[in-house]
Amino acid sequence: MECNACGAILEGDSLARAWTCSYCKTVNHNKEFLKQHISSIDFAKTHNLLQVGLVAYECGDYVKAKDILEKILIEDSSNIDAWIYTALSTAFLTNISNFEESFNKIKSYIKKAESIDYGAPVLYTAKSVCGNLLGEIAKKNIERQYDFAKKSWFSYESVDINKAKHKTNEELSVAFKYADYGLSMKPDDLKVLGAIIILTLLCDQLYKGNNPHKEIVSKAKDALCVIEQNGLKEKLYSLLDLEYKEQNLIDSKCNKKNDGCFAQVKMICLWALGVVFILFLISILI
Ligand SMILES: [Zn+2]
């Protein structure tokens, strides 16, 4: 078993729910745990349809699984497994065209499961799987919009500059929306997360005029900082597609934290100076 992020050999029980890499500290979720969990459920104590739904899930029939599990939830909304596997089935059925609807559903299913038992072990695995599945599709959507935006710019730039800007930014705004969705799913697959980050930075570069989506851009930069702090920047670079490598985007130094520290030191110095000045004034007056 190898670490998804750095490729180091993972040690420990092969049936564990997750392994933490001893080199890069990345938590690697064991997708097999979702099957193990199904076999550990005591179906005698649950809704009689649950087993049918989960067998359908195991067989990869996500449409059937989702149908059955949703029926269970209408009657009994306290079944955490039904919420989790409905979220998973929905994630496996997500594509570019139904992304937003699926995203919202999965978020709410996971929230329901969390409200029943936040620490349920299977929930962590499910969140990881959903995050990577949706992250991958968000990435495809961003990629597509970025390509549209580039084409719009090249085809209108010399004809009508205002139209070119308008078209380009319109396409990019959709890309930023998907970047926000993708980042909020917290994919832990370095390739998926890395591509979302780089694409977001590329979209920012292409944006004409003042980009109103700066908040999403800084979310992407923060995620890149975390990757760098975990010592995975080199690995990310090796995973990226050639097109993104040329941009040298991940070479930007991660100094946000230092800036924050520096600003704090500056503030403290200013305060200290102020206090000294006031004391000085008081001493003169006395
Ligand atoms: Zn690792």
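Visitor: Which residue follows helix 2, with a positive phi?
Guide: This is a predicted model. In it, helix 2 gives way to a residue whose phi is positive, near 85 degrees. That residue is Gly 60.

Visitor: Which residues of helix 2 are buried, and why do they line one face?
Guide: The buried residues of helix 2 fall within an arc of 155 degrees, seen down the axis, so they line one face of the helix. In an α-helix there are 3.6 residues a turn, so residues three or four places apart point the same way. The buried residues are Leu 50, Gly 53, Leu 54, Ala 56 and Tyr 57.

Visitor: What covers the buried residues of helix 2?
Guide: The buried set of helix 2 includes Leu 50 and Tyr 57. The cover over that set includes helix 1, helix 3 and helix 4.

Visitor: How many residues of helix 4 are buried?
Guide: Helix 4 is mostly covered. Its buried residues include Trp 83, Ile 84, Tyr 85 and Leu 88. The cover includes helix 1 (33-40), helix 2 (50-58), helix 3 (62-75), helix 5 (99-116) and helix 6 (121-156).

Visitor: How far apart are the end C-alpha atoms of helix 4?
Guide: Helix 4 runs over residues 80-92, which makes 13 residues. At 1.5 Å a residue, it should span 18 Å. The end C-alpha atoms agree with that, at a separation of 19 Å.

Visitor: Is Thr 86 buried or exposed?
Guide: Thr 86 sits in helix 4. A residue is buried if 20 or more other C-beta atoms lie within 10 Å of its own. Thr 86 has 28 C-beta neighbours inside 10 Å, so it counts as buried.

Visitor: Which residues does Thr 86 touch, not counting those up to four places away in sequence?
Guide: The C-alpha atom of Thr 86 is 9.2 Å from that of Ile 110, 24 residues apart along the chain. Leaving out residues up to four places away in sequence, Thr 86 touches Lys 66, Leu 69, Glu 70, Leu 73 and Tyr 109.

Visitor: What do the buried residues of helix 5 pack against?
Guide: Ser 102, Phe 103, Ile 106, Tyr 109, Ile 110 and Ala 113 are buried in helix 5. They cover an arc of only 135 degrees around the axis, which puts them on the same side of helix 5. They pack against helix 4, helix 6 and helix 7 (161-184).

Visitor: Which exposed residues does the face of helix 5 turned away from its buried side carry?
Guide: Helix 5 has 18 residues and should span 26 Å; its end C-alpha atoms are 26 Å apart, which agrees. The face turned away from the buried side of helix 5 carries Glu 101, Asn 104, Ser 108, Lys 111 and Ser 115.

Visitor: What is the phi of Lys 186?
Guide: Most residues other than glycine have a negative phi. Lys 186 has a positive one, in the loop between helix 7 and helix 8. With 15 C-beta neighbours inside 10 Å, Lys 186 counts as partly exposed. Its phi is near 45 degrees.

Visitor: Where is Lys 25 found, and what is its phi?
Guide: Lys 25 is in the loop between strand 1 (18-20) and strand 2 (27-29). Its 13 C-beta neighbours inside 10 Å make Lys 25 partly exposed. Lys 25 is not a glycine, yet its phi is positive, near 70 degrees.

Visitor: Which residues does Val 192 touch, not counting those up to four places away in sequence?
Guide: Val 192 lies in helix 8 (residues 190-206). It counts as buried because it has 22 C-beta neighbours inside 10 Å. The C-alpha atoms of Val 192 and Leu 133 are separated by 9.1 Å. With residues up to four places away left out, Val 192 touches Asn 132, Gly 135, Glu 136, Lys 139 and Pro 187.

Visitor: How far apart do the C-alpha centres of domain 2 and domain 3 lie?
Guide: The domain assignment gives domain 1 (31-119), domain 2 (127-254) and domain 3 (261-286). Between the C-alpha centres of domain 2 and domain 3 the distance is 44 Å.

Visitor: What radius of gyration does the protein have?
Guide: The C-alpha trace spans about 85 × 65 × 40 Å along its principal axes. A compact globule of 286 residues would have a radius of gyration near 19 Å. The protein has 24 Å.

Terms used. Residues numbered from 1 in each chain as written. Predicted model: local features only at pLDDT ≥ 70, side-chain atom pairs only at ≥ 80, totals over all residues. Helix = DSSP H or I, 4+ residues; strand = E, 2+ residues; numbered from the N terminus. Expected span 1.5 Å × (residues − 1). Buried ≥ 20, exposed ≤ 12 C-beta atoms within 10 Å, placed from the backbone. Contact = placed C-beta atoms within 7 Å. Domains from an automatic or database assignment. Arc of directions from axis to C-beta. Rg over C-alpha atoms; globule rule 2.2 N^0.38 Å.
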